[in-house]
Amino acid sequence: MTDDEQFDAPSTDPATVFAALADIVYRGSSAEEVYTAICNAATMVVPHCDHASLMLLRHGKAVTVAASDDVARVVDDIERATGQGPCLDALTTEAVQLEPDFSSPTQWPAMARGVLNRTPVRGAMGFRLKVDEQKVGALNLFTDIAGAFDADTADKAVILTAFTSVTVGAMLNGQEASTLRDGLESNREIGKAIGLIMALHKVSDEEAFALLRKSSQDLNVKIADLASTVVQRHGKGLSS
């Protein structure tokens, strides 16, 4: 079974999707395979996400290292060509970059024109990835439905962003899969997820955690259980 086939099942249960991701990581798959699997997972666990890509900074330039499909790659190309867009801004900004509708007035007009003319995409979100406090890239999510992406959708996406940050860190540092387990067990990435929500909603850390908890409940997966599923298919829940 190929990595892509693992995501062909009709079920979009988040626990199942994250378990499949964990399997790919622990099999010792290549970085490209893991990154592509993350992009495919985004289209399954984030509501209304039709396309996704992963950008990493290489020698100061944003390079698309994986994508769920060609549409996502085209959007990335448009952002680089115009030098603007939510995904590029996510590389340098702590806050989640959200564009609900490219057909409405937007802070990225040149990019919006290209997207509307060349793709079915109508909305986008960009999430910065950090490893050891260094910005390394962005997880980029796209929807074909205008207005489908909002703050609630972003809350659900930060869980996948947290997983992606840990995974990218392990891959960039050439470390074993145990690094992924250690990172999640320390709860640092849950902390980063809370930080993203704080920036997005301009709320306190307690309010942000409450929103994260609500998102996990909406996904029908407990936060700790989700983290555990990501790294241990048969593992135990994380200690707080």
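The model is predicted: local features need pLDDT of at least 70, side-chain atom pairs count only at pLDDT 80 or more, and totals for chains, interfaces and linings use all residues. Residues are numbered from 1 along each chain as its sequence is written, and side-chain values use heavy atoms, with hydrogens and water left out.

**The chain**

- The protein chain has 10 helices and 5 strands. Helices (H or I, at least four residues) and strands (E, at least two) are DSSP runs, numbered from the N terminus.
- Of its 240 residues, 50% count as buried. Buried means under 20% relative accessible area, exposed over 50%, and partly exposed in between (1.4 Å probe, protein chains only).
- Take the contacts between residues at least 6 apart in sequence: 61% of them join residues at least 24 apart. Contact means heavy atoms within 4.5 Å.

**Helix 3 and helix 5**

- The axes of helix 3 (residues 70-82) and helix 5 come within 9 Å and cross at roughly 150°. Axes are lines fitted to C-alpha atoms, for helices over the stretch in contact, and angles run from 0 to 180 degrees between N-to-C directions.
- Helix 3 is therefore roughly antiparallel to helix 5. Angles over 145 degrees count as roughly antiparallel, under 35 as roughly parallel, 65 to 115 as roughly perpendicular and the rest as oblique.
- Helix 3 contributes Val74, Val75, Ile78, Glu79 and Thr82 to the contact, and helix 5 contributes Ala110, Met111, Gly114, Val115 and Arg118.
- The residues of this contact divide into 6 nonpolar, 2 polar and 2 charged. Ala, Val, Leu, Ile, Met, Phe, Trp, Tyr, Cys and Pro count as nonpolar, Asp, Glu, Lys and Arg as charged, and the others, Gly among them, as polar.

**Thr119**

- Thr119 lies in the loop between helix 5 (109-118) and strand 4 (123-131).
- Thr119 is buried, with a relative accessible area of 8%.
- Leaving out residues up to four places away in sequence, Thr119 touches Val71, Val74, Val75, Ile78 and Gly114.
- The Thr119 side chain reaches the backbone nitrogen of Val121 at 3.1 Å.

**Asp77**

- Asp77 is found in helix 3.
- Asp77 counts as partly exposed because its relative accessibility is 39%.
- The side chains of Asp77 and Arg80 make a polar contact (2.8 Å). A polar contact is a pair of N or O atoms within 3.5 Å; within protein, one must be able to donate a hydrogen and the other to accept it, and residues adjacent in sequence count only if both atoms are side-chain atoms.
- Asp77 and Thr64 are 13 residues apart in sequence and 8.6 Å apart in space, C-alpha to C-alpha.
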